[in-house]
Amino acid sequence: MTAALDLLDLDPSLTDEERQIRDVVRHLVDDRVRPHVADWYEQGRVPARELAREFGALGLLGMHLTGYGCAGASAVAYGLACQELEAGDSGLRSLVSVQGSLAMYAIWRYGSEEQKQRWLPSMATGEAIGCFGLTEPDHGSDPASMATRARRDGGDWLLTGGKMWITNAPIADVAVIWARTDEGVRGFAVPMDTPGVTAREIHRKMSLRASVTGEIALDDVRLPADAQLPGASGLKAPLSCLTEARYGIVWGSLGAARDCLETTLAYATTRTQFGRPIAGFQLTQAKLADMAVELVKGQLLALHLGRLADADRLRPDQVSVGKLNNVREALAIARQCRTILGANGVSGEYPVMRHANNLESVLTYEGTSEIHQLVVGQRLTGLSAFA
Ligand SMILES: Cc1cc2nc3c(=O)[nH]c(=O)nc-3n(C[C@H](O)[C@H](O)[C@H](O)COP(=O)(O)OP(=O)(O)OC[C@H]3O[C@@H](n4cnc5c(N)ncnc54)[C@H](O)[C@@H]3O)c2cc1C
């Protein structure tokens with residue numbers, strides 16, 4: 001970030017390696033993303049496969065995992081990478097989060113050795129794309145009610161149902177699908193070319209337009225017994241994957257906010273009205289100061305959670321604190337920045353409205369703000385208010 005925005009001198013709190021990783025990703029975003037992302041967003045098309053290979057070449061896919069071609073980076077380094085990616089666009093961070101923290105993590109943590117060998121190395125390079133199917137048309141915040149079923153048929157499994165709002169589904173080679181069985185919720189690594197699996201792209205999104213989203217229909221999909229993830233038993237398995245991805249969002253959302261604020265600072269110091277830069281008006285400075293304070297507070301929070309993760313002490317409800325605060329504040333920053341840009345704030349020539357629109361999805365996916373409030377509320381009171 002520009003030195004002016006690092007109000008608390010956080011930069012020296014990072015290790016040399018963390019700064020290096022951050023800078024490499026920042027350059028990648030500057031070279032490969034910024035020149036094109038407004039067009040991708042406007043057209044609702046993104047060269048996701050091509051980008052996945054480039055991200056894979058830099059070790060960004062499954063970056064915090066170990067073995068199977070994964071980089072084994074620290075949680076803080078992974079968070080910093082998410083921040084830089086999302087400063088480009090939330091859609092690109094989503095690509096990396098879904099690949100690494102949802103699909104790869106599920107296989108890495110719960111898969112058999114064969115499943116790991118089959119999928120993880122090619123997913124780490126970006127040759128194979130993964131997706132993660134938990135949400136259904138009628139079951140979002142309450143995945144325990146999922147309708148997708150898997151039943152045994154001899155030595156095989158038969159999967160029936162449908163998943164909705166699945167990032168990367170139309171371009172995926174493998175889907176991690178969560179289904180209800182007689183023994184409870186189980187996960188399956190489903191090759192997308194299996195007969196009975198169809199993926200359809202969801203169009204007309206007004207948010208995350210530089211990200212591919214789809215629905216998956218599962219029509220009596222016959223899978224061999226070894227497609228089941230042997231270590232995943234119950235809903236806690238997909239929820240643990242969501243904790244991984246939410247951690248990336250704690251950092252990533254601030255990247256979008258930072259990009260808005262950097263854009264707005266540059267704009268406000270050069271745009272003149274009433275004969276002086278609009279940055280010189282007290283009302284504008286009050287907005288800029290409040291936003292910069294929220295940004296650094298969010299960064300402190302992200303760094304603290306990252307250090308906890310690296311010490312293996314991070315709890316899911318602490319990730320909820322981070323996701324709830326940082327996405328909410330990032331969205332507030334993006335909306336406020338838009339006001340300072342005036343009419344230019346609604347133009348695709350500037351990234352601000354794109355980030356604001358993207359953050360609407362980020363607020364909803366990986367647990368809505370309300371769900372994270374309930375998680376924190378339960379931690380505080382010992383009472384579950386979910387139902
Ligand atoms: C662009 C995009 C990409 C996505 N990618 C994926 C993906 O890759 N994989 C995947 O599985 N899912 C994905 N999702 C789905 C996402 O996780 C869900 O949209 C989210 O969990 C919310 O579910 P829902 O949309 O069904 O809303 P609902 O659950 O219907 O919620 C609607 C509203 O009701 C509120 N609400 C619900 N229950 C309660 C309660 N108990 N108390 C208070 N308020 C409540 C919610 O907070 C929300 O405000 C994606 C979504 C989007 C928009």
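Biologist: Let's start with α10. Which of the residues in α10 are buried?

Modeller: Buried means under 20% relative accessible area, exposed over 50%, and partly exposed in between, using a 1.4 Å probe and protein chains only. In α10, the buried residues are Val 352, Arg 354, His 355, Ala 356, Asn 358, Leu 359, Ser 361 and Val 362. Keep in mind that this is a predicted model: local features need pLDDT of at least 70, side-chain atom pairs count only at pLDDT 80 or more, and totals for chains, interfaces and linings use all residues. Residues are numbered from 1 along each chain as its sequence is written, and side-chain values use heavy atoms, leaving out hydrogens and water.

Biologist: How many residues does α10 have, and what span does it reach?

Modeller: Helices (H or I, at least four residues) and strands (E, at least two) are DSSP runs, numbered from the N terminus. The expected span of a helix is 1.5 Å times one less than its number of residues. Helix α10 covers residues 352–364, so 13 residues, and goes 19 Å from first C-alpha to last, close to the expected 18 Å.

Biologist: And what do the buried residues of α10 pack against?

Modeller: Contact means heavy atoms within 4.5 Å. The buried side of the story involves five partners: α2 (37–43), α4 (75–88), α5 (90–110), α7 (236–270) and α9 (316–340). Take His 355, which sits in α10 and is buried at 0% relative accessibility. Setting aside neighbours within four places in sequence, His 355 contacts Glu 86, Ala 87, Gly 88, Asp 89, Ala 256, Asp 259 and Cys 260.

Biologist: What comes after α10, and what is its phi?

Modeller: Glu 366 follows the helix, with a positive phi near 60°. Glu 366 is a residue other than glycine, and its place is the loop between α10 and α11 (369–381). At a relative accessible area of 12%, Glu 366 is buried.

Biologist: Where does Asp 312 lie, and is it buried or exposed?

Modeller: Asp 312 belongs to the loop between α8 (282–310) and α9, and it is exposed, with 74% relative accessible area. Asp 312 isn't a glycine, yet its phi is positive, about 60°.

Biologist: How many cavities of 30 Å³ or more are found in the whole structure?

Modeller: One. The largest cavity has a volume of about 40 Å³, and its lining comprises Val 46, Ala 48, Gly 91, Leu 92, Leu 95, Asn 168, Ala 210, Ser 211 and Val 212. Of these, α5 gives the most, with three. Six lining residues are nonpolar, three polar and none charged.

Biologist: Last one: what is the count of disulfides?

Modeller: A disulfide is a covalent bond between the sulfur atoms of two cysteines. The rule here is a pair of cysteine sulfur atoms within 2.5 Å, and the count comes to zero. The sulfur of Cys 82 is too far for a bond, because the closest cysteine sulfur, in Cys 70, is 14 Å away. For Cys 131 the closest is in Cys 241, at 13 Å, again too far. Cys 82 is buried at 1% relative accessible area, and Cys 131 is buried at 0%.

Note on methods
On a 1 Å grid over the protein atoms alone, a cavity is a set of points where a 1.4 Å probe fits but cannot get out, and a pocket is an open set with protein on both sides within 12 Å along at least five of seven lines; lining residues have an atom within 4 Å of a point. Grid points are joined across faces, edges and corners, and a volume is the space filled by probe spheres set on the points. Ala, Val, Leu, Ile, Met, Phe, Trp, Tyr, Cys and Pro count as nonpolar, Asp, Glu, Lys and Arg as charged, and the others, Gly among them, as polar.
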